[in-house]
Amino acid sequence: MKGALVLAWVYGIFTVLYKIWVSIGTGWLGWDAHAYWLAARGDMAYSRSGGEVDAYLYSPAFATVIHPMATLGWPLFYALWVMLQSSALVWLLKPLKLRWSAPLFLASVPELINGNIFILLAMCAVLGLTKPALYSFALLTKITPGVGLLWFAGHRNWRSLAEAAIATLLVTTCSYLLSPTEWDAWLQFLLNHHDGSPDGLAGLVVRFLLAAALVLYGAKKDMAWLIAPAMVIASPIFDFPVLTLLTAIPRLSLGSQSRTDQNLRVKVPVT
């Protein structure tokens with residue numbers, strides 16, 4: 001464990017220094033966050049493919065939700081976005097001791113600089129266990145990380161599944177009524193780029209099936225922490241930043257331990 005801790009610190013510090021060096025060299029901060037800011041301000045063109053500058057790939061609903069923040073200028077929006085994600089990251093890593101949480105926070109700094117939504121999706125994985133409606137966030141952005149919903153199927157908790165489905169349907173309906181043209185454009189974009197994943201449609205399907213099996217196994221064994229790696233595997237683009245989803249593991253493990261302790265108190269009679 002000492003060796004792993006040293007490696008975590010070395011990796012975290014190296015990651016921060018490397019990202020700072022790249023950012024200074026390119027002069028670009030908030031690669032993904034800037035696309036969200038533009039989309040929320042009306043530039044929701046789905047003509048850009050993933051990886052292009054200012055490519056917005058999510059549903060119009062997400063842009064609508066962050067619109068109040070996007071009325072601010074870009075520097076202030078970006079500062080608030082980083083603060084929001086940093087706060088979420090601190091909360092996710094809080095169950096760990098500082099000597100572990102600090103290097104893991106450092107390792108996530110590149111994601112904070114890019115401003116993608118992986119930290120928020122990690123938070124969704126944790127809170128979604130008790131508030132399934134929050135999974136609508138995953139389904140209306142990156143879509144496939146919504147595989148975590150199969151946790152409820154594994155527990156035959158159809159009520160929670162229905163809650164998530166109804167919430168997603170309500171958000172979709174309201175958003176469509178507000179911006180039907182943008183929704184038609186997004187759906188057309190998904191159809192035209194269904195093989196946009198680096199490993200193609202076939203690879204994405206295989207990864208999603210593996211992720212689904214992992215979540216169902218985790219539900220059977222009450223190992224909620226498996227939801228995080230399953231979301232990583234199911235991610236549309238399977239690359240380094242996606243690993244930030246693993247920051248959900250400390251909170252998910254804490255929840256599993258609490259349920260195990262509760263079951264033991266129920267099964268073991270007090271003497």
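Contact denotes heavy atoms within 4.5 Å of one another. The views show a predicted model, in which local features need pLDDT of at least 70, side-chain atom pairs count only at pLDDT 80 or more, and totals for chains, interfaces and linings use all residues. Residues are numbered from 1 along each chain as its sequence is written, and side-chain values use heavy atoms, with hydrogens and water left out.

View 1. Trp183 lies in helix H12, residues 180-192 (helices are DSSP runs of H or I with at least four residues, numbered from the N terminus). Trp183 is buried, at a relative accessible area of 4% (buried means under 20%, with a 1.4 Å probe and protein chains only). Apart from neighbours within four places in sequence, Trp183 is in contact with Ser59, Pro60, Ala61, Leu140, Thr172, Ser175 and Tyr176.

**View 2. Trp183 with Ser175 and Tyr58.** The side chains of Trp183 and Ser175 form a polar contact at 2.7 Å (a pair of N or O atoms within 3.5 Å; within protein, one must be able to donate a hydrogen and the other to accept it, and residues adjacent in sequence count only if both atoms are side-chain atoms). Tyr58 is 125 residues from Trp183 along the chain, and their C-alpha atoms are 10.0 Å apart.

**View 3. Helix H8.** This helix spans residues 118-127 and is largely enclosed by the rest of the structure, because eight of its ten residues are buried. The buried residues of H8 are Phe118, Ile119, Leu120, Leu121, Ala122, Cys124, Ala125 and Val126.

**View 4. Ser108 between two helices.** Ser108 occupies the loop between helix H6 (98-107) and helix H7 (109-114). Ser108 is buried, with a relative accessible area of 5%. Beyond neighbours within four places in sequence, Ser108 is in contact with Leu89, Thr244 and Thr247.

Terms used. Buried < 20%, exposed > 50% of the residue type's maximum accessible area, 1.4 Å probe, protein only.
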